[in-house]
Amino acid sequence: MLLRLLLLCLASASLGLPDNYLMVYPQSPVLEIGTNFTATCVIINTLEVTSDDLIWNLSKTTVPREQYKRINSTALSVTISIQGEEYEWLYCIAKKESGFVFTNKAKLTHGIRLERGYRPEKPDNLSCVALHKDQNVIDDLITCKWNSVGRQTKGVRTSYNLTVDVQGTLMHSDSTEQNFVQVPLKLFPNHMTLDIWVDGHNALGTVTSDILSDNAPKVEVDSLGPGRVPHRNFKSSLKSLIGAI
């Protein structure tokens, strides 16, 4: 762990980042609400302070020392509980009565923004419909909708992608935060195996809905859309959609 932190510090220094004497890792974390998080502050480029001189502030509140762990003379970690939906800043600060610290306050403070969110939950109640263009042709545009499940925060949004699998050929929708989408097909897949599913994803993970397949009851051909020509023999099932007329 310590070796990894030292390598990260060296990499940062090679990029010309620190004039700073403190660096906090990991950088820019996205954290799941209700979990614990550990950050580590590493002293670099100076011997004027040690880890015994460091404190942690969460926003403007000093974290109790009971939550600190001294790794060695140049590294100090802290573990905090992630609560609430708004982001906060976690700062590592050197507190020592010395002229060096007084004149280098800015370089002896380093912070990271803690973005908070929820893991995506499985979308449910996926259903899809295709419309007639005329008596003999089904539209090559499939419209699907689903129920979005779970909570979201401003900083960690859940997006959705729909996938249509026509006998191993995958067609994907654009990413959307809505609960519906349209997927154009080059040609409507009559008499072919057709599977459809939706993925929900954010910075904390990805989940996949149940798959609509050729025995699913929630994909249908709508023969009564505005300006469409009705066809009496379509059934309300995916088999209708793939050509079982």
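Buried means under 20% relative accessible area. In this predicted model, cysteine 144 has a relative accessible area of 1% and is therefore buried.

**Figure 1. Disulfide between cysteine 128 and cysteine 144.** The two sulfur atoms are 2.0 Å apart. With a torsion of about 110° about the S-S bond, the disulfide is right-handed. Cysteine 128 belongs to strand 10 (residues 124–131) and cysteine 144 to strand 11, so the pair ties together parts that are 16 residues apart in sequence. Cysteine 128, at 3% relative accessibility, is buried, as is cysteine 144 at 1%.

**Figure 2. Disulfide between cysteine 41 and cysteine 92.** Here the S to S distance is 2.1 Å. The torsion about the S-S bond is about -85°, so this disulfide is left-handed. Cysteine 41 is located in strand 3 (residues 36–43) and cysteine 92 in strand 8 (residues 88–94), so the link ties together parts that are 51 residues apart in sequence. Both cysteine 41 and cysteine 92 are buried. Two disulfides are found in a search of the whole structure; with the bonded cysteines of the protein chain numbered in sequence order, they pair as 1-2, 3-4.

**Figure 3. Aromatic pair of tyrosine 21 and phenylalanine 100.** The whole structure contains three aromatic pairs. In the pair shown, the ring centres are separated by 5.4 Å and the planes by 45°, a tilted arrangement. Tyrosine 21 is part of the loop between helix 1 (2–14) and strand 1 (22–25), while phenylalanine 100 is in helix 2 (residues 99–103), so the contact ties together parts that are 79 residues apart in sequence. Tyrosine 21 is buried at 14% relative accessibility, whereas phenylalanine 100 is partly exposed at 22%.

**Figure 4. Aromatic pair of tryptophan 146 and tyrosine 160.** The ring centres lie 5.6 Å apart with the planes at 55°, so this pair is tilted. Tryptophan 146 comes from strand 11 (residues 141–147) and tyrosine 160 from strand 12 (residues 159–166), so the pair ties together parts that are 14 residues apart in sequence. Tryptophan 146 is buried, with a relative accessible area of 2%, and tyrosine 160 is buried at 1%.

**Figure 5. Open sheet of four strands in the order 13-12-15-16.** The pairing is antiparallel. Strand 13 (169–172) and strand 16 (205–208) form the edges, each pairing on one side only. Neighbouring strands are turned by 25° against each other on average, direction ignored. Four bridges connect strand 12 with strand 13 in the antiparallel sense; valine 164 has methionine 171 of strand 13 as its bridge partner.

**Figure 6. Arginine 113 over the face of tyrosine 87.** The distance to the ring centre is 3.6 Å.

Methods. Residues are numbered from 1 along each chain as its sequence is written. This is a predicted model: local features need pLDDT of at least 70, side-chain atom pairs count only at pLDDT 80 or more; totals for chains, interfaces and linings use all residues. Side-chain values use heavy atoms; hydrogens and water are left out. Rings of Phe, Tyr and Trp (its six-membered ring) pair if their centres lie within 6.5 Å; planes under 30 degrees apart count as stacked, over 60 as edge-to-face and the rest as tilted. Helices (H or I, at least four residues) and strands (E, at least two) are DSSP runs, numbered from the N terminus. Buried means under 20% relative accessible area, exposed over 50%, partly exposed in between (1.4 Å probe, protein chains only). A charge sits over a ring if NZ of Lys or CZ of Arg is within 6 Å of the ring centre and within 35 degrees of the ring normal. Two strands pair if DSSP finds at least two bridges between them. Axes are lines fitted to C-alpha atoms, for helices over the stretch in contact, and angles run from 0 to 180 degrees between N-to-C directions. A disulfide is a pair of cysteine sulfur atoms within 2.5 Å.
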